[in-house]
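Me: I have a structure open and would like to go through it piece by piece. Can you answer some quick questions?

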Amino acid sequence: MTVEPTLYSTVSRPFIEDWLQALRMLCTTAQYVSLLDRADLASGTGDEQGRVTLDQIVGLYRLAAVETGDEMMGLWSRPIRPRALQHLLTSVREATTLASALYRFSTFWNLLLDDHQFTLNELDGVLTLALHRQNDAPSQRFGHMLILKLAHGLLSWLARQEVPVKEVGFAFKRPDFAPDYAIIFPAPVQFDRAQTSISFDPGVLGNVQVRSTADLDIFLENAPRDWIFTQSRSHTQSLRVRSYLGRVGWQDANLTHAAQAMHMTPRTLIRKLDADGTSFQGIKDALRRDIAIDDLRKGDKSVEAIALDVGFSSSANFHRAFRRWTGNTPSSYRRKTT
């Protein structure tokens with residue numbers, strides 16, 4: 001895929017808490033602390049307002065998948081043994097169409113999972129990959145997210161572009177961190193569904209683009225960096241707004257200018273963003289927060305310079321906003337992460 005990743009994306013600390021709980025069950029206390037420390041996540045333990053970067057998620061994934069001997073790191077009832085992902089890629093890259101690759105994905109996981117089984121069905125012009133629970137165990141939210149995102153990531157890898165998604169549904173209640181799913185999936189996300197699922201328009205699922213063994217090795221080496229956060233800037237209105245705000249100066253980062261750039265009225269843009277479960281100000285604040293977090297972690301700009309860079313007229317206003325966003329002042333956040 002040649003598109004650039006979405007700018008400065010982060011997710012909330014509670015978004016990964018299910019994953020951390022699964023890891024705790026697999027590790028000794030010392031090993032768990034070591035994993036978090038080496039992934040630069042230890043400082044955020046217990047911080048409900050903390051933010052987690054792509055680098056931190058990638059770092060923990062790479063360490064934990066190897067050191068626990070489980071490529072899904074305790075997210076499913078049966079361990080997923082080493083090299084399973086490699087065998088999955090080998091299978092799907094030999095499919096001729098993206099739809100048949102998705103079928104191979106479902107049959108592969110049905111051989112490995114005990115507590116869930118996949119089905120792939122086309123109904124009324126929608127192709128849906130659904131994950132059916134086989135017992136009464138509660139849904140592992142991070143596990144359900146990760147396996148759907150893996151399906152989407154593999155399809156996009158085979159298509160050499162990010163494949164549009166019609167809808168994502170989860171078989172658990174809407175969590176407080178629901179907005180984080182927009183960073184993962186370029187589509188509307190629903191909750192409280194009977195099954196966890198991801199849906200596509202069959203018309204956009206064309207033929208598989210040939211992938212070499214070298215391509216496969218690169219995909220495995222980079223995992224999950226190339227597929228865990230969405231790279232799309234176009235599949236939802238909120239992502240289009242975020243992309244617009246990332247391109248223009250903060251003096252033009254207002255609702256009126258954004259609506260004009262998208263050839264609609266401000267009222268229409270408000271309505272479309274509401275359908276995505278967000279707002280213009282919420283998108284703007286999230287981008288400012290994530291740019292500020294990126295700069296604070298790098299440590300090469302003063303807090304005053306960062307405040308100006310993200311559009312605040314004074315450091316005091318920036319301090320108040322950053323504390324509201326993360327529960328920390330900019331200076332204390334920098335001390336924790338550098």
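Me: Let's start at the end of helix 3. Which residue with a positive phi follows it?
Reply: Gly 69 follows helix 3, and its phi is positive, near 70°. Keep in mind that this is a predicted model.

Me: And helix 3 itself, how far apart are its ends?
Reply: The end C-alpha atoms of helix 3 (residues 54-67) are 20 Å apart.

Me: Which of the residues in helix 3 are buried?
Reply: Leu 54, Gln 56, Ile 57, Val 58, Leu 60, Tyr 61, Ala 64 and Ala 65.

Me: Moving on a bit, where does Glu 71 sit?
Reply: Glu 71 is in the loop between helix 3 and helix 4, the latter being residues 84-92.

Me: Is Glu 71 buried or exposed?
Reply: Buried, because its relative accessible area is 18% and the cut-off for buried is under 20%.

Me: What does Glu 71 touch?
Reply: Leaving out residues up to four places away in sequence, Glu 71 touches Tyr 61, Ala 65, Ile 80, Arg 81, Pro 82, Arg 83, Ala 84 and Leu 85. Tyr 61 and Ala 65 are among the buried residues of helix 3.

Me: What does its side chain reach at 3.0 Å?
Reply: The side chain of Glu 71 reaches the backbone nitrogen of Arg 83 at that distance.

Me: How far is Glu 71 from Phe 280?
Reply: Their C-alpha atoms are separated by 38 Å, and the two residues are 209 apart along the chain.

Me: Change of topic: helix 14. How long is it?
Reply: Helix 14 covers residues 315-326, so 12 residues, and reaches 16 Å from its first C-alpha to its last. At 1.5 Å a residue, the expected value is 16 Å as well.

Me: Which of its residues are buried?
Reply: The buried residues of helix 14 are Phe 318, Ala 321, Phe 322, Trp 325 and Thr 326. They are on the same side of helix 14, because they cover an arc of only 110° around the axis.

Me: What do they pack against?
Reply: The buried residues of helix 14 pack against strand 2 (51-53), helix 12 (280-298), helix 13 (303-309) and helix 15 (330-337).

Me: And which exposed residues are on the face turned away from that side?
Reply: Arg 320 and Arg 324.

Me: What comes just after helix 14?
Reply: Gly 327, with a positive phi of about 80°.

Me: Back to helix 12 for a moment. Is Arg 288 buried or exposed?
Reply: Arg 288, which lies in helix 12, counts as buried because its relative accessibility is 8%.

Me: Which residues is Arg 288 in contact with?
Reply: Apart from neighbours within four places in sequence, Arg 288 is in contact with Trp 250, Gln 281, Val 310, Gly 311, Phe 312 and Trp 325. Trp 325 is one of the buried residues of helix 14. As for Gly 311, its backbone oxygen lies 3.2 Å from a polar atom of the Arg 288 side chain.

Me: Which residues other than glycine have a positive phi?
Reply: One is Arg 160, with a phi of about 65°, and another is His 263, with a phi near 60°. Most residues other than glycine have a negative phi.

Me: Where are those two?
Reply: Arg 160 is in the loop between helix 6 (141-159) and strand 5 (167-169). His 263 is in the loop between helix 10 (255-261) and helix 11 (266-275).

Me: How accessible are they?
Reply: Arg 160 is partly exposed, at 37% relative accessible area. His 263 counts as exposed, at 75%.

Me: Where is there a cis peptide bond?
Reply: Between Ala 223 and Pro 224, where omega is about -5°. Pro 224 lies in the loop between helix 8 (213-222) and helix 9 (237-247).

Me: Last topic, the whole chain. How many helices and strands?
Reply: The protein chain has 15 helices and 7 strands. Its radius of gyration is 20 Å, close to the 20 Å that the globule rule gives for 338 residues, so the chain is as compact as a globular protein of that length.

Me: How much of it is buried?
Reply: Buried residues make up 51% of the 338 residues.

Notes: Residues numbered from 1 in each chain as written. Heavy atoms only, no water. Helix = DSSP H or I, 4+ residues; strand = E, 2+ residues; numbered from the N terminus. Expected span 1.5 Å × (residues − 1). Buried < 20%, exposed > 50% of the residue type's maximum accessible area, 1.4 Å probe, protein only. Contact = heavy atoms within 4.5 Å. Polar contact = N/O pair within 3.5 Å; in protein donor to acceptor, adjacent residues only side chain to side chain. Arc of directions from axis to C-beta. Rg over C-alpha atoms; globule rule 2.2 N^0.38 Å.
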